[in-house]
Amino acid sequence: SGATAAGTIANGDLRLMAGPRTIAAEVGYGRRGFTGALSTITWSFIRIGARASLPLGGSGLHAGVALALYTGVSGAGGAGKGNGKEAETSLTYAPERLPLYLMFGYRREQFTAAGASGDRPEELSGIVVGGGVRLGR
């Protein structure tokens, strides 16, 4: 999550990846929210994309890049539609003997919300910190 001069932005993502680490398909669910002085707006969407990762020596570090499109975008209560895309670069540490990983990266998102008052394009970029459990090698 992050803060802007006019309010607070909250982000949440759940992602599943399938395929070898070198290049894997990625699907997920995302939710974005913005709370301003007058109201709160939330959007949910399905992410479809690809992620590539290359090992940096034998240290467990990997350099990665990911691209995704947003589809099935809807606003709170099913009102409003939209579309979007994102790009991300990252460094990931995945110890060989543990099924865990830690990630540090940079993400840029472009999102267009379509509503009764017209299209509203938005851009968001920032540092991403994450972690998780690997179910495969």
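Which residues does Phe111 touch, not counting residues up to four places away in sequence? In this predicted model, Phe111 touches Trp43, Tyr70, Val73, Asn83, Gly84, Arg120, Pro121 and Glu122, where a contact means heavy atoms within 4.5 Å. Residues are numbered from 1 along each chain as its sequence is written, and side-chain values use heavy atoms, without hydrogens and water. Local features need pLDDT of at least 70 and side-chain atom pairs count only at pLDDT 80 or more, whereas totals for chains, interfaces and linings use all residues.

Along the sequence the pattern reads β-β-β-β-β-β-β-β. Of the contacts between residues at least 6 apart in sequence, 46% join residues at least 24 apart. The chain has 137 residues, and 29% of them count as buried (under 20% relative accessible area, with exposed meaning over 50% and partly exposed in between; 1.4 Å probe, protein chains only).

Phe111 also belongs to the largest nonpolar core, whose 6 residues are Trp43, Phe45, Tyr70, Val73, Phe111 and Ala113. Such a core is a set of buried Ala, Val, Leu, Ile, Met, Phe, Trp, Tyr and Cys residues joined through side-chain atoms within 4.5 Å. Two or more residues of this core come from each of β4 (40–55), β5 (61–75) and β7 (100–115).

The aromatic rings deserve a look of their own. The whole structure holds 3 aromatic pairs (rings of Phe, Tyr and Trp, the last by its six-membered ring, with centres within 6.5 Å; planes under 30 degrees apart are stacked, over 60 edge-to-face and the rest tilted). Phe45 and Tyr70 are stacked, at 4.0 Å centre to centre and 25° between the planes. This pair links strand β4 with strand β5 across 25 residues. Tyr70 and Phe111 form a tilted pair, at 6.4 Å and 50°, which connects strand β5 to strand β7, 41 residues apart. Tyr70 counts as buried because its relative accessibility is 4%, and Phe111 is likewise buried, at 10%.

On the surface, Leu56, Leu61, Leu91, Tyr93 and Leu102 form a nonpolar patch with about 450 Å² of accessible area together. Leu91, in strand β6 (residues 81–93), is partly exposed, with a relative accessible area of 41%.

How values were computed:
Helix = DSSP H or I, 4+ residues; strand = E, 2+ residues; numbered from the N terminus. Patch = residues over 30% accessible without salt bridge, like charges linked within 9 Å, V, L, I, M, F, W, Y side chains within 5 Å. Areas by Shrake-Rupley, 256 points an atom, 1.4 Å probe, with all protein chains shown as cover. Salt bridge = Lys/Arg side-chain N within 4 Å of Asp/Glu carboxyl O.
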